[in-house]
Amino acid sequence: MKKIEAIIKPFKLDEVKDALNEIGVQGMTVTEVKGFGRQKGHTELYRGAEYVIDFIPKIKIEIVASEEVADKAVETIQKAAKTGKIGDGKIFVYPVENIIRIRTGETGETAV
């Protein structure tokens, strides 16, 4: 099993969610986050005053998938989230040792 974390632009969330649903991904956790990478934030003008936005709003999607589905999920996220501009985000993939469903006590693949 693999855990996939994707940091994407907020307006791409619906496209990514719909694309993941189409390939059979059943659950995900979505969190509003802030951060920066190479773009290092940006400067904005508000009421004549200039100020720096260090942390840019992003969305973090977390998914746990079987080995077979994980590669397809990564590819799907990459295609759906891409704008071709700076700040499109990143995808991280981690191995998952075990999963336990709290309600039933199921473990492993059946708990996904």
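Mentor: Start with Asp-18. This is a predicted model, and in it Asp-18 is partly exposed, at 38% relative accessibility. Its partner is Lys-17: the two side chains form a salt bridge, 3.7 Å from N to O. Lys-17 is also partly exposed, at 33%.

Elsewhere, salt bridges with shared partners tie Lys-3, Glu-5 and Glu-62 into one network. Look at one link in it. Glu-62 and Lys-3 meet at 3.0 Å, N to O. That pair joins distant parts of the chain: Glu-62 sits in strand S5 and Lys-3 in strand S1, 59 residues apart. Glu-62 has 19% relative accessibility, so it counts as buried, since the cut-off is under 20%. Lys-3 comes out at 24%, so it is partly exposed.

Now take Lys-12 and Glu-15. Their side chains make a salt bridge at 3.1 Å, N to O. Lys-12 is buried, with a relative accessible area of 9%. Glu-15 is partly exposed, at 41%. In total, the structure holds 7 salt bridges.

What happens at Lys-58, which is buried yet has no salt bridge? Lys-58 lies in strand S5. The nearest side chain of opposite charge belongs to Asp-88, 7.0 Å away. A salt bridge needs the atoms within 4 Å. Still, Lys-58 has a polar neighbour: the backbone oxygen of Gly-87 is 2.5 Å from a polar atom of the Lys-58 side chain.

Strand S5 leads on to helix H2. The buried residues of H2 pack against S5, and also against strand S1 (2-8), helix H1 (13-22) and strand S6 (89-95). Among those buried residues are Ala-70, Ala-73, Val-74, Ile-77 and Ala-81. Check the spacing. An α-helix has 3.6 residues a turn, so residues three or four places apart point the same way. The length of H2 can be checked too: its 15 residues (67-81) should span 21 Å at 1.5 Å a residue, and the end C-alpha atoms are 22 Å apart, which agrees.

The rings of Phe-36 and Phe-55 have centres 5.6 Å apart and planes at 50 degrees, so the pair is tilted. Phe-36 is in the loop between strands S2 and S3, Phe-55 in the loop between strands S4 and S5, 19 residues apart. Phe-36 is partly exposed, at 45%. Phe-55 is partly exposed as well, at 48%.

Definitions and conventions:
Residues numbered from 1 in each chain as written. Predicted model: local features only at pLDDT ≥ 70, side-chain atom pairs only at ≥ 80, totals over all residues. Heavy atoms only, no water. Phe/Tyr/Trp six-rings, centres within 6.5 Å; stacked < 30°, edge-to-face > 60°. Helix = DSSP H or I, 4+ residues; strand = E, 2+ residues; numbered from the N terminus. Buried < 20%, exposed > 50% of the residue type's maximum accessible area, 1.4 Å probe, protein only. Lys, Arg positive; Asp, Glu negative; His and termini not counted. Polar contact = N/O pair within 3.5 Å; in protein donor to acceptor, adjacent residues only side chain to side chain. Expected span 1.5 Å × (residues − 1). Contact = heavy atoms within 4.5 Å.
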